[in-house]
Amino acid sequence: MKTTELAAPATGRRKLWLRARRQKWLFLMLLPAFATIVLFNYLPLSGWYLAFSDYRLGGSLFGGEFVGLKYFAKIFQESSDLAYLVRNTLVINGVTLVLNLAVALALAILLKEACWKFGAKATQTVSFFPYFVSWVIVYSIVWSLLATNSGAINQFLVRIGVLKKGLNVLGDPKYSWRLIILLNLWKFTGYNTIIFLSSIAGIPAEQYEAATLDGAGRFQQIRYVTLPNLMPTASVLLIMNAGWVLSSNLEQFFIFNNATNWSKMEVLDMYIYKFGLKMLDFPYSTAMSIVKTVVSIALLLFVNWLTKRLNKHSVL
């Protein structure tokens, strides 16, 4: 009887418990990473209570008087900055996301099809290098090239008669969006290209051989073999980055933002930083941060649903 009971397949909770016992060392290895995530990503969420209380600097975190949705109402009823903040954030980050993925996809295909392999490897290395350059160094490079009176490019264009005086690229608002989008393209295209190249390396060679036997040329192989196999990777990258469309690199905008171009350069993260750390209005900045997080999650879920509906690929 006991033998029969032991031989019977475990079901339900017992089956789950047995699997957990067999993999206990794997769970133990995951414990430090899990603890780190909880400590640095989830415990700080207790600070969200500030958005619902009249917190004052120097007081207890939970000692402020509970005021409900007062600061959330202030965002939508009293804030006149919300429209241009959302506009700047969506335009800069949205265009950057789409353009980066499109250029990286095209570059990956070109590198894969390149006949001169050494040149392809060199191009891959050179395009990936900007990813490791800090925004402080990027600003120094841009300043040395595009400063109105001393920038190398401006001086060259003035000397050859193309311009009468140097362009104020760093200060004129009409150049701000294009400057930031191009800098993000220069900095992150190489990183995304490597991801696409990894996906290309995983495409079975038999598919290209079958396409060749069917008489497909190089462009037809790209269209009917390479691109369809890259769509799952592109979908995953799009979904993962969609949740960050409302989040900006604070270091980047902190450096490039100034008194003359703020109308086109101030984004949600800069606004939260200004009210939280400069004006010490912690409840209002926390409420703004919560709204941004909720909208980002909704946007992530929407893009995931849309991608799954269009090409059957999704993350969730």
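This is a predicted model: local features need pLDDT of at least 70, side-chain atom pairs count only at pLDDT 80 or more; totals for chains, interfaces and linings use all residues.
Six salt bridges are present in the structure. One of them links Asp-54 and Lys-70, whose closest N and O atoms are 3.6 Å apart. Asp-54 belongs to strand E1 (residues 53-54) and Lys-70 to helix H4 (residues 70-77), so this pair ties together parts that are 16 residues apart in sequence. Lys-70 has a relative accessible area of 43% and is therefore partly exposed.

A further salt bridge is formed by Arg-218 and Glu-113, with a separation of 3.2 Å between the closest N and O atoms. Because Arg-218 lies in helix H11 and Glu-113 in helix H5 (residues 82-113), the pair ties together parts that are 105 residues apart in sequence. The two partners fall into separate accessibility classes: Arg-218, at 46% relative accessibility, is partly exposed, whereas Glu-113, at 15%, is buried, the cut-off for buried being under 20%.

Glu-266 and Lys-274 also meet through their side chains in a salt bridge, at 3.2 Å from N to O. Here Glu-266 is buried, its relative accessible area being 6%, while Lys-274 is partly exposed at 27%. Salt bridges with shared partners also join Lys-112, Glu-113 and Arg-218 into one network.

Helix H11, which contains Arg-218, spans residues 218-242 and packs with helix H10 (residues 205-213). The angle between H10 and H11 is about 160°, and their axes are 10 Å apart. Angles over 145 degrees count as roughly antiparallel, and the two helices, H10 and H11, are therefore roughly antiparallel to each other. The crossing in which H10 passes H11 is right-handed.

The surface carries a nonpolar patch of about 490 Å², made by Val-136, Ile-137, Ile-141, Leu-145, Ile-153 and Trp-186. Helix H7 (residues 135-146) supplies four residues, the largest share of this patch. Among the patch residues, Ile-137 is located in helix H7. The relative accessibility of Ile-137 is 43%, so this residue counts as partly exposed; patch membership requires over 30% relative accessible area.

Notes. Residues are numbered from 1 along each chain as its sequence is written. Side-chain values use heavy atoms; hydrogens and water are left out. Patches are made of residues with over 30% relative accessible area and no salt bridge: like charges are joined within 9 Å, nonpolar side chains (Val, Leu, Ile, Met, Phe, Trp, Tyr) within 5 Å. Accessible areas come from the Shrake-Rupley method with a 1.4 Å probe; for residues, only the protein chains shown count as cover. A salt bridge is a side-chain nitrogen of Lys or Arg within 4 Å of a carboxyl oxygen of Asp or Glu. Buried means under 20% relative accessible area, exposed over 50%, partly exposed in between (1.4 Å probe, protein chains only). Axes are lines fitted to C-alpha atoms, for helices over the stretch in contact, and angles run from 0 to 180 degrees between N-to-C directions. Angles under 35 degrees count as roughly parallel, over 145 as roughly antiparallel, 65 to 115 as roughly perpendicular and the rest as oblique. A crossing is left-handed if the near helix is turned anticlockwise from the far one by less than a right angle, and right-handed if clockwise.
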